[in-house]
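Welcome, and thanks for joining this short tour. Please open your viewer and get ready to select residues as we go.

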Amino acid sequence: MKTVIYPGSFDPFTNGHLDLVQRACRLFDRVIVAVAVNPGKNPLFSLQERRDLIAESCRDLGEKVRVVATEGLIVNAIKEYDAQALLRGLRAFTDYEYELQMALMNRRLLPGCETIFMTPTLKNSFVSSSLVKEIASLGGDFDIYVPSPVGEAIRKKLRKITPTGKLPVFSTPE
């Protein structure tokens with residue numbers, strides 16, 4: 001069984017993320033979405049909330065997709081889930097520089113660790129979690145950028161944490 005792990009903080013999970021999962025399902029027998037803790041980010045959703053939202057967003061893909069929470073080095077998850085590769089999305093050249101460093105470091109930590117880079121579809125090429133949060137924080141329409149369960153959760157979170165229904169502006173780069 002060929003397995004790929006798609007790691008990320010996914011805060012929030014976007015249609016760009018979903019597109020990569022759907023396309024990876026055509027290439028691999030199993031896609032594991034590994035929701036990671038990133039200490040450098042201030043998440044809108046808890047780790048469990050992100051995991052649940054992704055699972056709900058990927059429900060139509062069936063047993064082929066598994067969503068897990070993970071902490072620590074992603075190479076440990078590769079061993080734990082007997083994966084053959086990591087999946088990473090590249091939206092722009094600036095993504096490539098960072099992702100290349102990570103791919104080389106992961107291969108250094110775990111010889112044989114392969115990283116598969118996929119580019120988004122044109123309609124998702126500019127979508128990022130940070131931009132979705134910024135649009136939401138300013139009261140803009142963000143629904144076209146996220147799966148419907150995520151959009152509903154963002155609106156619910158907005159109503160819960162601020163009386164105006166708008167988030168504080170997030171400036172943390174993705």
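Before the first stop, a word on residue classes: Ala, Val, Leu, Ile, Met, Phe, Trp, Tyr, Cys and Pro count as nonpolar, Asp, Glu, Lys and Arg count as charged, and the others, with Gly among them, count as polar. Keep in mind, too, that what you see is a predicted model.

**Stop 1: the cavity**

Select S9, N38, K41, P43 and R50, the residues that line the largest cavity. Sorted by class, this lining holds 1 nonpolar, 2 polar and 2 charged residues. The space inside the largest cavity is about 30 Å³. How many cavities of 30 Å³ or more are there? The count is 1.

**Stop 2: the whole chain**

Now zoom out and colour by secondary structure. The chain has 6 helices and 5 strands. Starting at the N terminus, you can follow the elements in the order β-α-β-α-β-α-β-α-β-α-α.

Turn the model around, and the C-alpha trace spans about 50 × 35 × 30 Å along its principal axes. The radius of gyration is 16 Å, which agrees with the value near 16 Å for a compact globule of 174 residues.

Of the 174 residues, 47% are buried. If you display contacts between residues at least 6 apart in sequence, 75% of them join residues at least 24 apart.

**Stop 3: the largest pocket**

Select P7, G8, R88, Y98 and E99. Among the 46 residues that line the largest pocket, these lie nearest its centre. The volume of this pocket is about 1100 Å³.

Helix α4 gives the largest share of the lining, with 9 residues. By class, the pocket lining divides into 19 nonpolar, 18 polar and 9 charged residues.

**Stop 4: R26**

Finish by selecting R26, which sits in helix α1 (residues 15-27). Is R26 buried or exposed? R26 counts as exposed because its relative accessible area is 65%, and the cut-off for exposed is over 50%.

Conventions: Residues numbered from 1 in each chain as written. Predicted model: local features only at pLDDT ≥ 70, side-chain atom pairs only at ≥ 80, totals over all residues. Heavy atoms only, no water. 1 Å grid on protein atoms, 1.4 Å probe; cavity = no way out; pocket = protein on both sides within 12 Å on 5 of 7 lines; lining within 4 Å. Points joined across faces, edges and corners; volume = space filled by probe spheres on them. Helix = DSSP H or I, 4+ residues; strand = E, 2+ residues; numbered from the N terminus. Rg over C-alpha atoms; globule rule 2.2 N^0.38 Å. Buried < 20%, exposed > 50% of the residue type's maximum accessible area, 1.4 Å probe, protein only. Contact = heavy atoms within 4.5 Å.
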